[in-house]
Amino acid sequence: MVGVSNATGLQEACAAVNGFLRSRFPSVTWTSIAVLFNPRMGLHRDIQNMAGHLNHALALGDYTGGRVWIEDDEGDSTAWLADKKGGRELRGRWLDMHDKPVSFDARRYHMVEPHAGSMWALAAYVPQAYARATEQHREALREADTWLFCLFEFGSSLQILASKH
Ligand SMILES: [Fe+2]
(Lines give C-alpha, C1' and ligand atoms only; values in the text may rest on other atoms or scores of the structure.)
Protein backbone atom coordinates (compact mmCIF):
# COMPACT_ATOMS: atom_id res chain seq x y z
CA MET A 1 0.00 0.00 0.00
CA VAL A 2 1.29 3.44 -0.87
CA GLY A 3 -0.37 6.25 0.96
CA VAL A 4 -0.17 9.54 2.69
CA SER A 5 0.65 9.71 6.36
CA ASN A 6 -1.31 12.11 8.49
CA ALA A 7 1.11 11.65 11.34
CA THR A 8 2.47 15.16 11.25
CA GLY A 9 4.12 14.61 14.60
CA LEU A 10 6.40 12.14 12.89
CA GLN A 11 7.56 14.57 10.29
CA GLU A 12 10.07 16.37 12.47
CA ALA A 13 11.55 13.13 13.73
CA CYS A 14 11.71 11.77 10.22
CA ALA A 15 13.30 14.92 8.88
CA ALA A 16 15.92 14.70 11.63
CA VAL A 17 16.71 11.07 10.83
CA ASN A 18 16.80 11.83 7.13
CA GLY A 19 19.13 14.77 7.70
CA PHE A 20 21.41 12.63 9.80
CA LEU A 21 21.50 9.92 7.11
CA ARG A 22 22.26 12.53 4.48
CA SER A 23 25.24 13.68 6.53
CA ARG A 24 26.52 10.09 6.68
CA PHE A 25 25.74 9.18 3.06
CA PRO A 26 26.28 12.50 1.29
CA SER A 27 26.59 11.18 -2.26
CA VAL A 28 23.61 8.85 -2.57
CA THR A 29 19.83 9.23 -2.73
CA TRP A 30 16.92 7.20 -1.44
CA THR A 31 13.19 7.40 -1.11
CA SER A 32 12.58 5.61 2.18
CA ILE A 33 14.01 5.06 5.60
CA ALA A 34 13.55 2.43 8.24
CA VAL A 35 14.24 2.90 11.93
CA LEU A 36 14.51 -0.27 13.97
CA PHE A 37 15.15 -0.58 17.69
CA ASN A 38 17.02 -3.72 18.75
CA PRO A 39 16.53 -5.53 15.45
CA ARG A 40 16.72 -9.32 15.45
CA MET A 41 17.24 -10.29 11.86
CA GLY A 42 18.11 -13.72 10.60
CA LEU A 43 19.34 -14.51 7.14
CA HIS A 44 17.04 -12.95 4.57
CA ARG A 45 16.99 -10.81 1.48
CA ASP A 46 14.82 -7.85 0.65
CA ILE A 47 13.52 -8.70 -2.76
CA GLN A 48 11.05 -5.82 -2.40
CA ASN A 49 13.99 -3.48 -2.84
CA MET A 50 14.35 -1.81 -6.20
CA ALA A 51 17.04 -3.55 -8.25
CA GLY A 52 20.07 -1.37 -8.83
CA HIS A 53 19.69 0.56 -5.58
CA LEU A 54 21.81 -0.22 -2.54
CA ASN A 55 20.73 -0.16 1.08
CA HIS A 56 22.59 2.37 3.20
CA ALA A 57 22.68 1.50 6.87
CA LEU A 58 24.31 2.28 10.15
CA ALA A 59 23.51 1.61 13.78
CA LEU A 60 23.77 3.80 16.84
CA GLY A 61 23.59 3.14 20.54
CA ASP A 62 25.35 1.55 23.45
CA TYR A 63 25.67 -2.06 22.35
CA THR A 64 28.09 -4.84 21.55
CA GLY A 65 27.81 -7.32 18.69
CA GLY A 66 25.30 -6.33 16.03
CA ARG A 67 27.58 -6.60 13.01
CA VAL A 68 25.90 -7.17 9.69
CA TRP A 69 26.72 -10.19 7.53
CA ILE A 70 26.40 -9.62 3.81
CA GLU A 71 26.51 -12.24 1.06
CA ASP A 72 29.61 -11.72 -1.03
CA ASP A 73 31.16 -14.27 -3.40
CA GLU A 74 34.61 -13.06 -2.37
CA GLY A 75 33.76 -13.11 1.33
CA ASP A 76 35.84 -14.85 3.98
CA SER A 77 33.02 -16.34 6.07
CA THR A 78 30.05 -18.58 5.43
CA ALA A 79 26.41 -18.82 6.47
CA TRP A 80 24.04 -21.72 6.10
CA LEU A 81 20.90 -21.09 4.12
CA ALA A 82 18.28 -23.69 5.02
CA ASP A 83 15.85 -24.56 2.26
CA LYS A 84 13.56 -27.42 1.25
CA LYS A 85 16.43 -29.31 -0.36
CA GLY A 86 18.43 -29.28 2.87
CA GLY A 87 20.26 -26.04 2.44
CA ARG A 88 23.43 -24.63 1.04
CA GLU A 89 26.38 -22.62 2.15
CA LEU A 90 26.66 -18.96 1.28
CA ARG A 91 29.83 -16.89 1.22
CA GLY A 92 29.89 -13.47 2.76
CA ARG A 93 31.58 -11.06 5.06
CA TRP A 94 30.93 -9.39 8.39
CA LEU A 95 30.84 -5.62 8.48
CA ASP A 96 30.84 -3.32 11.48
CA MET A 97 28.04 -0.78 11.14
CA HIS A 98 28.30 0.62 14.66
CA ASP A 99 28.34 4.33 13.85
CA LYS A 100 29.88 3.36 10.50
CA PRO A 101 28.05 3.81 7.21
CA VAL A 102 27.62 0.56 5.28
CA SER A 103 26.16 0.21 1.77
CA PHE A 104 25.13 -3.14 0.38
CA ASP A 105 22.78 -4.87 -2.03
CA ALA A 106 19.87 -5.95 0.18
CA ARG A 107 18.58 -8.20 -2.60
CA ARG A 108 21.43 -10.50 -1.65
CA TYR A 109 21.29 -12.44 1.63
CA HIS A 110 22.15 -10.60 4.82
CA MET A 111 21.57 -10.82 8.56
CA VAL A 112 22.29 -8.95 11.76
CA GLU A 113 24.42 -10.55 14.44
CA PRO A 114 22.74 -10.74 17.85
CA HIS A 115 23.67 -7.81 20.07
CA ALA A 116 23.60 -6.85 23.73
CA GLY A 117 22.49 -3.39 24.76
CA SER A 118 20.44 -0.75 22.99
CA MET A 119 20.78 -0.60 19.23
CA TRP A 120 19.08 1.75 16.81
CA ALA A 121 19.50 0.62 13.24
CA LEU A 122 18.87 3.17 10.52
CA ALA A 123 18.55 2.31 6.85
CA ALA A 124 17.94 4.33 3.71
CA TYR A 125 16.76 2.52 0.60
CA VAL A 126 14.51 2.46 -2.44
CA PRO A 127 11.63 -0.02 -2.36
CA GLN A 128 9.94 -1.29 -5.49
CA ALA A 129 6.82 0.31 -4.08
CA TYR A 130 8.30 3.63 -5.16
CA ALA A 131 7.64 2.52 -8.71
CA ARG A 132 3.96 2.33 -7.76
CA ALA A 133 3.88 5.79 -6.24
CA THR A 134 1.73 8.02 -8.36
CA GLU A 135 3.12 10.99 -10.22
CA GLN A 136 1.16 13.07 -7.71
CA HIS A 137 3.06 11.44 -4.85
CA ARG A 138 6.39 12.04 -6.54
CA GLU A 139 5.54 15.63 -7.34
CA ALA A 140 4.61 16.26 -3.70
CA LEU A 141 7.88 14.69 -2.58
CA ARG A 142 9.88 16.90 -4.91
CA GLU A 143 8.04 20.05 -3.93
CA ALA A 144 7.46 19.62 -0.25
CA ASP A 145 10.88 18.22 0.63
CA THR A 146 9.23 16.72 3.60
CA TRP A 147 8.05 13.43 4.94
CA LEU A 148 4.52 12.97 3.87
CA PHE A 149 4.21 9.46 2.66
CA CYS A 150 4.00 6.34 4.74
CA LEU A 151 4.58 3.16 2.83
CA PHE A 152 3.86 0.52 5.40
CA GLU A 153 4.35 -0.47 9.00
CA PHE A 154 5.35 -3.82 10.36
CA GLY A 155 6.45 -4.85 13.81
CA SER A 156 8.16 -1.97 15.50
CA SER A 157 9.44 -0.63 12.21
CA LEU A 158 7.89 2.30 10.44
CA GLN A 159 8.91 2.76 6.85
CA ILE A 160 8.41 6.10 5.28
CA LEU A 161 8.64 7.29 1.75
CA ALA A 162 10.89 10.22 2.38
CA SER A 163 11.97 13.31 0.62
CA LYS A 164 14.59 12.84 -2.03
CA HIS A 165 17.47 15.20 -2.58
FE1 LIG B 1 17.09 -6.64 5.19
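I began with an open sheet of four strands, in the order E6-E7-E5-E9 and with antiparallel pairing. I count strands (E, at least two residues) and helices (H or I, at least four) as DSSP runs, numbered from the N terminus, and I call two strands paired if DSSP finds at least two bridges between them. E6 and strand E9 (110-112) are the edges; each has a single partner strand, so one side of each is left without a neighbour in the sheet. I read an average twist of 35 degrees from one strand to the next, with axes as lines fitted to C-alpha atoms (for helices over the stretch in contact) and angles from 0 to 180 degrees between N-to-C directions.

The model is predicted; I used local features only at pLDDT of at least 70 and side-chain atom pairs only at pLDDT 80 or more, while totals for chains, interfaces and linings use all residues. Residues are numbered from 1 along each chain as its sequence is written.

Next I looked at E6. Buried means 20 or more other C-beta atoms within 10 Å of the residue's own, exposed 12 or fewer, and partly exposed in between, with C-beta atoms placed from the backbone. E6 runs antiparallel to strand E7 (residues 88-95), and five bridges join them. I found Thr78 bridged to Arg91 in E7, and Ala79 opposite Leu90. Six residues lie between the strands of this hairpin, where Gly86 has a positive phi near 110 degrees.

I then went to the whole chain. It holds three helices and 13 strands, and 28% of its 165 residues count as buried. Of the contacts with a separation of 6 or more, 77% are between residues 24 or more positions apart; a contact is two C-beta atoms, placed from the backbone, within 7 Å.

Last, I checked the largest nonpolar core, which has 23 residues; Ile33, Ala57, Ala121, Leu122 and Ala123 touch the most other members. Such a core is a set of buried Ala, Val, Leu, Ile, Met, Phe, Trp, Tyr and Cys residues joined through C-beta atoms within 7 Å. Helix H1 (8-24) and strands E2 (32-37), E3 (55-60), E5 (68-71) and E11 (120-125) each supply at least two of its residues. E11 gives the largest share, five residues. Leaving aside neighbours within four places in sequence, I find Ala121 in contact with Leu36, Pro39, Ala57 and Ala59.
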